[in-house]
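Here are a few notes from my look through the model, for you to check against your own view. Have the structure open while you read.

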Amino acid sequence: MTKSEAKIRIEKLKTEIDFHRYNYHVLDRETISEAALDSLKNELFLLENDYPDLITADSPTQRVAGEPLEKFKKVAHSQPMISLFDAFSEADMRAWEERNENFLGRPLKQEYYGELKLDGLAINLRYEKTLLVSGATRGDGKIGEEVTNNIRTINSIPLKLKIPAEKDLEALGFTEQAITEILRLIKEGVIEIRGEAIMNKKVLAELNKKYVQEGRPELANTRNGVAGSIRQLDPRITAERKLDFYAYDVLLREESGQILERGEIITRRDQADQLAGLLGLKILKQNKLCRDLNEVFSFYTAVEKKRETLPFEIDGTVIKINDLKMWNVLGIVGKAPRYMMAYKFSAEQATTKVKEIIWQVGRTGALTPTAVLESVKVGGAIISRSTLHNFDEIKRLDLRLGDTVIIERSGDVIPKVVTVLKNLRTGQEKKVFPPKKCPMCEGAVEKVGEEVAYRCLNKKCYAINLRQITHFASKGAANLEGLGPKLIEQFLTEGIIKDAADLYSIEKSELLSLERFAEKKADNVVTMMAARKVLELDQFIYGLGIRHVGEETAQLLAKIVAAKKAKKTTNMAIDELITIFSSFDLAELESLEDIGPIVSASIYDFWRNEHNLKLLRKFEKNGVSLSLQKVNNLSGASGQEMKLANKSFVLTGTLASLTRGEAKDKIKALGGKVKENVSADTDYLVLGAEPGSKYEKAKKLGLKILTEKEFLEIIK
Ligand SMILES: [Zn+2]
């Protein structure tokens, strides 16, 4: 993105975010999920990070959520109630630490304090001479709404602070002098407690049950529940909602005057947390001191696992530098502090851009569109694709190429496009049209009657394609272990691959976009494919599925190709293979032993078909290359001792100790021939488990029948 593009994008993001924020925080109306809004804010933050001179004072990254409602009395906060920057990944967290180190110009060896990020309403409580005198919402950060009467109904908020015992303060590591100061300020000064008012999940469920019975609208979630309970004028309603409160900050102040500097008396964040507990407030017992970022990551993972079992909703963790003196040093950038970070759980919605629409032929010939996305983390996984079902869905969404969209993914359900953020368009977006021809067979396409789907008119299109790819992946060909017909069909119908060559460009993020595709399974596929990019020449030729070219013929062709190779190396590029095959004329092919005119014609045509050549070049582009090792071994043996020279073998049934392909290779390496069918000329029938009709026929003909053990003796 160029700077001028970034500038346009930043302006559009600002307007969009502001619109949703106003609705959400001021009007309590949800026009977009918080997760999607966070995603937009994160994009803005990263863009501004790249172009700091494009940051303006009105940027959402520079301001704090919400404006105070008119109906409440205003309270100026003695110290601004700041909002936080968001991180969603370990990479984000490491980048945060790095930014701080750059800012300081030295390594930041710091303890962090990990806290749960409660999903409620931030409240500032003011205690004067131990008595609760005021409670206020965050408002715009500087001015909040006075809601004292409402918060007085919350039972976990003490109306009078407890005075801690000296020995308890000592146990928290406070110096004698600090203890004297703390006790004096509690008794004679002002203590401000900041924390989160929340509604427990159980309370929400009970309330909603009651509301349903009374025919009243249900509360959308616990946070809406708590905001609606506090930001209204009747304390009885607040009381009915049974809210709870957890402290996350303690500020000390003389009776008249400024808040005391951070780190002056209370030096550590974990100390402050415990102090709030001694003052009679509820604190989160899950909060944890972490020695470094690695411990932060373990804390985060452990919290995420416990999330469901907690009595309240959390949307992540807050990670704070534990040394409070550092808070002053690092300070605030924009309107959020450098010294703490909201490290949030990966949300089930995120925003990203649509790069491309691809069309896929399904089992019935129906063409299904898939959106190819800029990779984005959503629902705990990086994804890059989303199904669009059919063309009507594209029309309904009014989706265009280049659009910013909200993607949703929960659990293992395939990601979907929820909505298009049309306000973010630049005018460069391209309309999407249904395909004019089939993306697979390039045949005609038709929209049938009232059906929503476009179809490929070639009835065999899908089946042929599936069969070809399955054949390519099979053991005698590319031997793509674990890629059975079922999986290939899933890849095909869900838009990951169009042909066999595409198997080599599958990315993990694409697999995670599929249904029932867990991390481990995706890893296995990607690792397996990466390890199989070098294919034996004969197996590759066989895998191409050239008509009438079985394993035997493929080996024969491989030998001839190897002999034609300019440089006698053991590897070959697909490009060279194309050159060699294109150089064969029909007569040359026909002159080969064991290859008749029909087979020759089929081979000849295959290498002159543009569709096939396109596929071959795609293999090359995706990093596939060929090995001549096996072919050289096969031909190498011919000059040496030929133990099985001119002996012909037929195999039937399954061998226990080696695959059929291996058995054939062994026989050929020793000069023998392998035939498909039993005849009077056959020298040996090798008998495996569950043999076919060949066994009966061989018995009738009185042929020599070898057990597996006897066969192994012969080829030893
Ligand atoms: Zn087709």
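1. Start with the pairing of helix 14 (residues 461-473) and helix 15 (residues 485-493): in this predicted model, their axes sit 10 Å apart and the packing angle is about 130°. Angles over 145 degrees would count as roughly antiparallel and 65 to 115 as roughly perpendicular, so helix 14 ends up oblique to helix 15. The crossing of helix 14 past helix 15 is right-handed.

2. Who makes that contact? From helix 14 come Tyr462, Asn465, Leu466, Ile469, Thr470 and Ala473, and helix 15 brings Pro485, Ile488, Glu489, Leu492 and Thr493. Sorted by class, the contact between helix 14 and helix 15 has seven nonpolar residues, three polar ones and one charged one.

3. Next, have a look at helix 19 (residues 551-564). Its 14 residues span 20 Å from first C-alpha to last, close to the 20 Å expected at 1.5 Å a residue. The buried residues in helix 19 are Thr553, Ala554, Gln555, Leu557, Ala558, Ile560, Val561 and Ala562.

4. Is lysine 664 buried or exposed? You'll find lysine 664 in helix 25 (residues 660-669). Its relative accessibility is 6%, and the cut-off for buried is under 20%, so lysine 664 counts as buried.

5. What does lysine 664 touch? Leaving out residues up to four places away in sequence, lysine 664 is in contact with Glu551, Glu552, Leu651, Val674 and Glu676.

How values were computed: Residues are numbered from 1 along each chain as its sequence is written. This is a predicted model: local features need pLDDT of at least 70, side-chain atom pairs count only at pLDDT 80 or more; totals for chains, interfaces and linings use all residues. Side-chain values use heavy atoms; hydrogens and water are left out. Axes are lines fitted to C-alpha atoms, for helices over the stretch in contact, and angles run from 0 to 180 degrees between N-to-C directions. Helices (H or I, at least four residues) and strands (E, at least two) are DSSP runs, numbered from the N terminus. Angles under 35 degrees count as roughly parallel, over 145 as roughly antiparallel, 65 to 115 as roughly perpendicular and the rest as oblique. A crossing is left-handed if the near helix is turned anticlockwise from the far one by less than a right angle, and right-handed if clockwise. Contact means heavy atoms within 4.5 Å. Ala, Val, Leu, Ile, Met, Phe, Trp, Tyr, Cys and Pro count as nonpolar, Asp, Glu, Lys and Arg as charged, and the others, Gly among them, as polar. The expected span of a helix is 1.5 Å times one less than its number of residues. Buried means under 20% relative accessible area, exposed over 50%, partly exposed in between (1.4 Å probe, protein chains only).
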